[in-house]
Amino acid sequence: MTIKALYFNTSLKTGDETSNTSGLIQESRQILEGEGVTTEEVRIADFHLPFGMEPDMGADDEWPKLFNKLKEADIVIIGTPVWQGELSSICKLVLEKLDASSDETNDYGQPIYYNKVGGAIVTGNEDGGKQAAKTIIFVLQHLGFTIPPNGEAYWVGEAGPGPSYLEAGQESDFTKENVSVMSHNLAHLAKMFKATPIPTKGNT
């Protein structure tokens, strides 16, 4: 049984820059890979995603290639930094793109996101971890993803300017526990859906 996990890192930093969100994503990836899951992280800032609620906005729109990766994934985790207590602008753009592609169906005639498991990862140096995760989790489940118990992991520092996750948060027992629970539950549900997909009755 092959299970694939795709992480969309919506940091404002491109792939050649250090990302605190990527640091926490790596913790989750290690756990999933230990459970036999193949993982990939995509830094969204490296791609061109035009504004608009169409699944393909034209020749320079790179969302279709990212969406093809998503269609092959069993687990999709969206990671975001916290900016002014909210998720990043790139994260919001990705959520809009997911919505724009939601009319597609899977091999069973169900919404394309059925039988996929979703989660959220958030980092920041102030409050806003739960607020950002709440938005991601709501949109994912609304579009058809299944969210496991404790489907988010986050780390935020004390109020005011200060160190971020890579500088101060990697030894947080709270965050370690949450990323472990989230990752193991994501893997469990993905394997369950692979063996026993959601029945088509009433949702095709």
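## Close-up views of a predicted model

View 1. Asn-20 is found in helix α1, which covers residues 20-34; helices here are DSSP runs of H or I with at least four residues, strands are runs of E with at least two, and both are numbered from the N terminus. This is a predicted model, in which local features need pLDDT of at least 70 and side-chain atom pairs count only at pLDDT 80 or more, while totals for chains, interfaces and linings use all residues. Residues are numbered from 1 along each chain as its sequence is written, and side-chain values use heavy atoms, with hydrogens and water left out. Leaving aside residues up to four places away in sequence, Asn-20 touches Lys-13, Thr-123, Ser-164, Tyr-165 and Leu-166, where contact means heavy atoms within 4.5 Å. With a relative accessible area of 17%, Asn-20 is buried. The label follows from the cut-offs: under 20% relative accessible area is buried, over 50% is exposed, and anything in between is partly exposed (1.4 Å probe, protein chains only).

**View 2. The whole chain, for orientation.** The protein chain has 6 helices and 6 strands, and from the N terminus on they run β-α-β-α-β-β-α-β-α-β-α-α. Along the principal axes, the C-alpha atoms fill a box of roughly 50 × 40 × 25 Å. A compact globule of 204 residues would have a radius of gyration near 17 Å, and the 16 Å of this chain agrees with that; the radius is taken over C-alpha atoms, and the globule rule is 2.2 Å times the number of residues to the power 0.38. Of the 204 residues, 49% count as buried. Among contacts between residues at least 6 apart in sequence, 77% join residues at least 24 apart.

**View 3. Strand β3 and its partners.** Strand β3 spans residues 75-83 and is mostly covered, with 8 of its 9 residues buried. Two strands are said to pair if DSSP finds at least two bridges between them. On that basis, β3 pairs with strand β1 (residues 3-9) in the parallel sense over 5 bridges, and the bridge partner of Ala-5 in β3 is Ile-75. The pairing of β3 with β5 is also parallel and runs over 7 bridges; here Pro-81 stands opposite Thr-123 in β5. Strand β4 (residues 86-87) runs antiparallel to β3, joined by 2 bridges, and Val-82 stands opposite Leu-87 in β4.

View 4. The structure holds 7 salt bridges, each being a side-chain nitrogen of Lys or Arg within 4 Å of a carboxyl oxygen of Asp or Glu. One of them joins Lys-69 and Glu-40, with the closest N and O atoms 2.8 Å apart. Lys-69 lies in helix α2 (residues 63-72) and Glu-40 in strand β2 (residues 37-43), so this pair ties together parts that are 29 residues apart in sequence. Lys-69 is partly exposed at 31% relative accessibility, and Glu-40 is partly exposed at 32%. Glu-104 and Lys-71 meet in another salt bridge, at 3.7 Å from N to O. Because Glu-104 sits in the loop between α3 (89-100) and β5 (117-124) while Lys-71 is in helix α2, that pair links parts 33 residues apart in sequence.

**View 5. The salt bridge of Glu-171 and Lys-176.** The closest N and O atoms of Glu-171 and Lys-176 are 3.1 Å apart. Glu-171 counts as exposed at 61% relative accessibility, whereas Lys-176 is partly exposed at 39%.

View 6. A search of the whole structure finds 5 aromatic pairs. Rings of Phe, Tyr and Trp (its six-membered ring) pair if their centres lie within 6.5 Å; planes under 30 degrees apart count as stacked, over 60 as edge-to-face and the rest as tilted. Phe-8 and Trp-63 have ring centres 6.1 Å apart and planes at 55 degrees, so the pair is tilted. Being 4 residues apart in helix α2, Trp-63 and Phe-67 are separated by about one helical turn. Ring pairs link Phe-8, Trp-63, Phe-67, Tyr-113 and Phe-145 into a cluster.
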